[in-house]
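Dear colleague,

I am passing on a structure for you to look at, and below it I describe what was found. Please keep it open while you read.

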Amino acid sequence: MDRKSQTAVLVTGGAGYIGAHTAKALHERGFLPVVFDNLSSGFREAVRWGPLVHGDLRDRAALGEALSAYDIKAVIHFAGLIEVGRSTVQPDLFWDINVAGTISLLAAMREKGVDRLVFSSSAAVYGQGQRSVQEALAEEADKAPDSPYGATKLAAEWLIAAQCKAYGLTAVALRYFNASGADPSGLIGEAHEPETHLLPLAIAAALGDGKPLTIFGQDFQTPDGTCLRDYIHVSDLAAAHVAALDVDLPAGAFEAINVGTGEGRSVSQVVAAVGKAVGSPVPHSIGDRRAGDPPSLVADPTRARQVLGWTPRCSSLEQIVEDALRWERNPRYGAGRRDPAKRAKADASA
Ligand SMILES: NC(=O)c1ccc[n+]([C@@H]2O[C@H](COP(=O)([O-])OP(=O)(O)OC[C@H]3O[C@@H](n4cnc5c(N)ncnc54)[C@H](O)[C@@H]3O)[C@@H](O)[C@H]2O)c1
């Protein structure tokens, strides 16, 4: 399709893991994804379905130029810092990029008359609070972030909700649970440097590319003592973003929606699934709990079904592991994260 006739969507952080998968989903639906990214943790090679504008979120003028240059109609905002552990040692940096960066984006959008936003929020806005580990999280659940990272996501949501009321912006905040897996094409996948996420670390350990996996805590009040999480395939997550762009909402509306499967998987279950797929057990040891890690984060996905008409299609644990393994066996970029020095840095900051 001719680029000029396509509706352009600005994808901040589109060179990163979830952003790149969403850019592909947008392209497949006929949109032009314009990626705005400073490449601090993203990869140029992940930007395949539209142009890359190299810039920092806190640079409002650069954002404004990108919005005008491509006649952007909507923004999907992924850019930010994501490591929970690092947020406990560098909280100021997280507030600067995740919150002040969002202020800068909202100001640029208002200036250019772009009034539709989808925001990457997180299950980390909930924290464990007083909830029992069996309880799935509905959107109304108490917000008690266990980390500065979660606090920045909640603060950004509040900011966005207030701007919806004040200026007629229409926004959807998607609170994702654990993004995982990779595009089945093998062209894009998860590549965080340093890598702190369970699935890529477990696969690297099983493939003998890294040192043994550390399981952080086996003494939680959960069925097998390890943390419970809701793993959602990144392609399902990407589809939820496209659905959030399409959903018919009045001007000024703000919706926060959980994006998960509703099924909790324990760290031990994930590790066993990786061992099965690789054909050899994952070498691992048990370490201390990490700061800011709630025992259980599992979504109640009812609102996603009702408002977005979205349900997960490829988020079985087997499918997630199969797609992640294909990518980890042949990553197109980011292989440097397997460097032992980077692994050590990841452990220190996790
Ligand atoms: N990965 C998960 O499981 C998960 C879960 C819940 C929420 N999220 C949220 O989803 C979003 C994307 O996560 P991801 O896993 O794809 O992370 P990622 O690190 O792969 O992607 C983030 C992207 O943002 C870019 N970026 C960072 N700071 C920037 C800045 N100041 N200016 C411009 N670009 C900048 C990075 O270069 C990178 O390409 C984040 O906002 C994160 O909080 C992720």
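**Helix α5 and its surroundings**

The buried residues of α5 pack against α3 (84–89), α4 (91–112), β5 (116–122), β6 (170–176) and β11 (254–259). Please bear in mind that this is a predicted model. Helix α5 itself covers residues 148–167, and its 20 residues reach 28 Å from the first C-alpha to the last, close to the 28 Å expected at 1.5 Å a residue. Among the buried residues of α5 are Tyr149, Leu154, Ile160 and Cys164, and just after the helix Gly168 takes a positive phi of about 80°.

**Salt bridges**

The structure holds 14 salt bridges. In one of them the side chains of Arg289 and Asp219 meet, with N and O 3.0 Å apart. Arg289 lies in the loop between β13 (284–287) and β14 (296–297), while Asp219 lies in the loop between β8 (213–216) and β9 (228–229), so this pair ties together parts that are 70 residues apart in sequence. Arg289 is partly exposed at 44% relative accessible area, and Asp219 is partly exposed at 48%. Glu83 forms a salt bridge with Arg86, the closest N and O atoms being 3.6 Å apart; here Glu83 is buried, at 12% relative accessible area, whereas Arg86 counts as partly exposed at 23%. Lys24, Glu28 and Asp183 are linked in a network of salt bridges.

Best wishes

Definitions and conventions: Residues are numbered from 1 along each chain as its sequence is written. Side-chain values use heavy atoms; hydrogens and water are left out. Helices (H or I, at least four residues) and strands (E, at least two) are DSSP runs, numbered from the N terminus. The expected span of a helix is 1.5 Å times one less than its number of residues. Buried means under 20% relative accessible area, exposed over 50%, partly exposed in between (1.4 Å probe, protein chains only). Contact means heavy atoms within 4.5 Å. A salt bridge is a side-chain nitrogen of Lys or Arg within 4 Å of a carboxyl oxygen of Asp or Glu.
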